[in-house]
Protein chains: 2
Amino acid sequence: MTTVQSPGMTIGEAAARLGLTTHTLRYYESEQLLLGSPGRTAAGRRRYDEDDVRWIEMVQRLRATGMPVRAIRAYAELCRAGAGNEDQRLAVLEAHRDEVRRHLAEVTDHLDAINHKIAGYRTVWG
Amino acid sequence: MTTVQSPGMTIGEAAARLGLTTHTLRYYESEQLLLGSPGRTAAGRRRYDEDDVRWIEMVQRLRATGMPVRAIRAYAELCRAGAGNEDQRLAVLEAHRDEVRRHLAEVTDHLDAINHKIAGYRTVWG
DNA sequence: GTCGGACTTCGAGTGCACTCGACGTCAAGC
DNA sequence: GCTTGACGTCGAGTGCACTCGAAGTCCGAC
C-alpha cells in the first residue's frame, strides 16, 4: 500500500516559516516546549503540521516577551496534561501578562528619561 | 595638615543606593562604563560622588532598556572625550531610543496576542 | 594593639538560550 | 546507481552579563 504524501512540512520548511533555525526547532523539542512530538515520516523525519506551527508561534510570543524556557516548558506540560487544568493555565498566562505589563511600564519610564537626556543635548547644542 | 573627610560614598554605600552589588560596580568600572575612575582615598579605596552616582543611574537606564555593555562603553568613551562630539552622542541616544520604541511596539503586539489567548480561556471555561 | 568587617585585585564560575560541529543516513534528481 | 543536500543524533562551544571565591590589606571601635 502506497501512502499519500503526508501533509505538513519538513523541519527546514517549518524553520523558514517561523524564522528559526532547524537547530533551534530541535532544541525547543528537546526542551519539551512543544505540545507533543511532531509526527515523523516512515524514515524518521519530523513533519510539522499547522497546529505545530501555531503552537510554536505562541512559544515565540512567550519567549519574545521574556518568559524563560523552563516556564514555557511548565505551561506546555499543563497543556499536554489535557482538559481539567484550564484554571492553572489561565493563572500562568495572567501572571506572565502582569509581568510583561510591569516590564513595559518600567522600560517606558526609562525611555522617558532617555528622551529628557536627548532633549538636553538638543537644547544646549542643537 | 589634616584633610577634611572627603565627600562621597564608599563602594558599599554607592552599591546600596544604586541597588547593585559592589562586584557589579567594580565590573562596570573594569568594562569602562564609567565617565572616569571614581576618586580614591589615600588608602586606595574608591569614593563615589553625586556625579558618579548620577552617571551610573544613566548606565542602569541604558542597561534596563537593553543597550549592551559594549555599546554603553562606546557612549561613555564619547562622553569622556570631552566637548566636540555632542552630535555623535545624540545620534547614539536617538538610535537607542528608536530601538527601544521598536522593542516596545513588538512586545505590546505580543501582549495583545497573549491577552487574546487569555480571553479565549475565559470565554470557554470561565 | 587587636579584632571584625569592608575593602582591594584577579581569575574562575554561573545561568541562560541558543548555536555549532561532527559524523552518519537517506530520498530524490540525473 | 550515484551524487548531493537535507535530515538524524549527540555533545561541545559561544556570548552575554554578571557573580563568586580566594587571599590579602586596611580602617575604626573597643
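Buried means under 20% relative accessible area, exposed over 50%, and partly exposed in between (1.4 Å probe, protein chains only). Helices are DSSP runs (H or I, at least four residues), numbered from the N terminus. An α-helix has 3.6 residues a turn, so residues three or four places apart point the same way.

This is a predicted model, where local features need pLDDT of at least 70, side-chain atom pairs need pLDDT 80 or more, and totals for chains, interfaces and linings use all residues. Residues are numbered from 1 along each chain as its sequence is written, chains are lettered from A in the order in which they are written, and side-chain values use heavy atoms, without hydrogens and water.

**Ends and length of helix 3, chain A**

I checked the N-terminal end and found Asp49(A) as its cap, with a side-chain oxygen 3.1 Å from the backbone nitrogen of Asp51(A). After the helix comes Gly66(A), with a positive phi near 90 degrees. Why does a span of 21 Å agree with helix 3 of chain A? Helix 3 covers residues 50–64, and its 15 residues should span 21 Å at 1.5 Å a residue, so the 21 Å between its end C-alpha atoms agrees. The expected span is 1.5 Å times one less than the number of residues.

**Helix 4, chain B**

I then turned to residues 69–80 of chain B, a helix of twelve residues that reaches 16 Å from first C-alpha to last, close to the 16 Å expected. Its buried residues are Val69(B), Ile72(B), Tyr75(B), Ala76(B), Leu78(B) and Cys79(B). Gly82(B) follows helix 4 of chain B, and its phi is positive, near 90 degrees.

**Chain A against chain B**

I counted 32 residues of chain A in contact (heavy atoms within 4.5 Å) with 32 residues of chain B. The two chains bury about 3,000 Å² between them, 72% of it on carbon and sulfur atoms. Buried area is the accessible area (1.4 Å probe) that two parts lose on being put together, summed over both. In chain A, Arg61(A), Ile114(A) and Tyr121(A) lose the most area to chain B, together 20% of what that side buries.

How many salt bridges link chain A and chain B? I noted two, where a salt bridge is a side-chain nitrogen of Lys or Arg within 4 Å of a carboxyl oxygen of Asp or Glu. Arg122(A) forms one with Glu94(B), with the closest N and O atoms 2.4 Å apart.

Technical notes. Helices (H or I, at least four residues) and strands (E, at least two) are DSSP runs, numbered from the N terminus. A polar contact is a pair of N or O atoms within 3.5 Å; within protein, one must be able to donate a hydrogen and the other to accept it, and residues adjacent in sequence count only if both atoms are side-chain atoms.
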